[in-house]
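Hello,

Here is the structure I promised to pass on. Please have a look at it first; my notes follow below.

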Amino acid sequence: MIGALLGLLSVSASAQAPSQRNVSDDPAKDTAALVVRLSQITVDSLRTDEYKALLREEIEASMQLEPGVRTLYAVSDKKRPHEVTILEIYADEAAYRNHLATPHFQKYKRETLDMVRSLRLLDVDALIPELKIK
């Protein structure tokens with residue numbers, strides 16, 4: 001699963017129209033400050049469905065409301081669905097910090113706190129950051 005996500009690091013995306021994002025005419029400038037992270041989360045296996053519902057709510061709100069969130073893409077291991085990995089791409093450090101302070105993210109953290117058994121955050125580099133998910 002991590003290998004597949006590392007392959008995805010060569011792309012970035014957004015559910016928002018370009019006019020809603022902070023996009024300049026210089027693709028290198030738009031990608032130089034990207035914050036790219038993999039969040040590896042192990043959830044209480046008895047609460048996986050509950051966790052996924054809260055995660056979906058948080059991701060949908062983030063993608064709709066936060067111009068600096070380029071993508072939040074969550075996947076789970078087919079054999080261990082309680083193991084979740086999220087590819088997170090933010091326009092820059094300020095967008096990431098803003099995301100952490102939003103009411104929808106704070107709600108997600110508060111309501112999933114007792115479901116999460118482990119959390120590992122990996123800061124990674126996008127290999128081809130100017131590419132977009134189609």
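Let me start with helix 4, residues 93-101, where the buried residues are Ala95, Tyr96 and His99. (Buried means under 20% relative accessible area, exposed over 50% and partly exposed in between, with a 1.4 Å probe and protein chains only.) These three sit on the same side of helix 4 because they cover an arc of only 100 degrees around the axis, taken from the directions from the helix axis to the C-beta atoms. Ala94 and Ala101, on the other side of helix 4, are exposed. The cover over the buried residues includes strand 1 (35-43), helix 3 (48-65), strand 2 (69-76), strand 3 (83-90) and helix 5 (103-112).

Residues are numbered from 1 along each chain as its sequence is written, and side-chain values use heavy atoms, with hydrogens and water left out.

As for the overall layout, the protein chain has 5 helices and 4 strands, in the order α-α-β-α-β-β-α-α-β from the N terminus. Helices (H or I, at least four residues) and strands (E, at least two) are DSSP runs, numbered from the N terminus. Of the 134 residues in the protein chain, 40% are buried.

Now to the inside. The largest nonpolar core has 19 residues, of which Ile41, Tyr51, Leu55, Val84 and Tyr90 touch the most other members. (Such a core is a set of buried Ala, Val, Leu, Ile, Met, Phe, Trp, Tyr and Cys residues joined through side-chain atoms within 4.5 Å.) Helix 3 gives the most to this core, with 5 residues. Apart from it lies another core of 5 residues, including Leu34, Val36, Leu87 and Ile89. Tyrosine 51 has contacts (heavy atoms within 4.5 Å) with Ile41, Val43, Val84, Ile86, Tyr108, Thr112, Met115 and Val116, leaving aside residues up to four places away in sequence.

Finally, confidence. The mean pLDDT (the predictor's confidence in each residue, from 0 to 100) is 84 for the protein chain, and 78% of its residues reach 70 or more. Over residues 4-25 the pLDDT is below 50. Where pLDDT is low, predicted coordinates should not be read in detail.

Best wishes

Terms used
Predicted model: local features only at pLDDT ≥ 70, side-chain atom pairs only at ≥ 80, totals over all residues.
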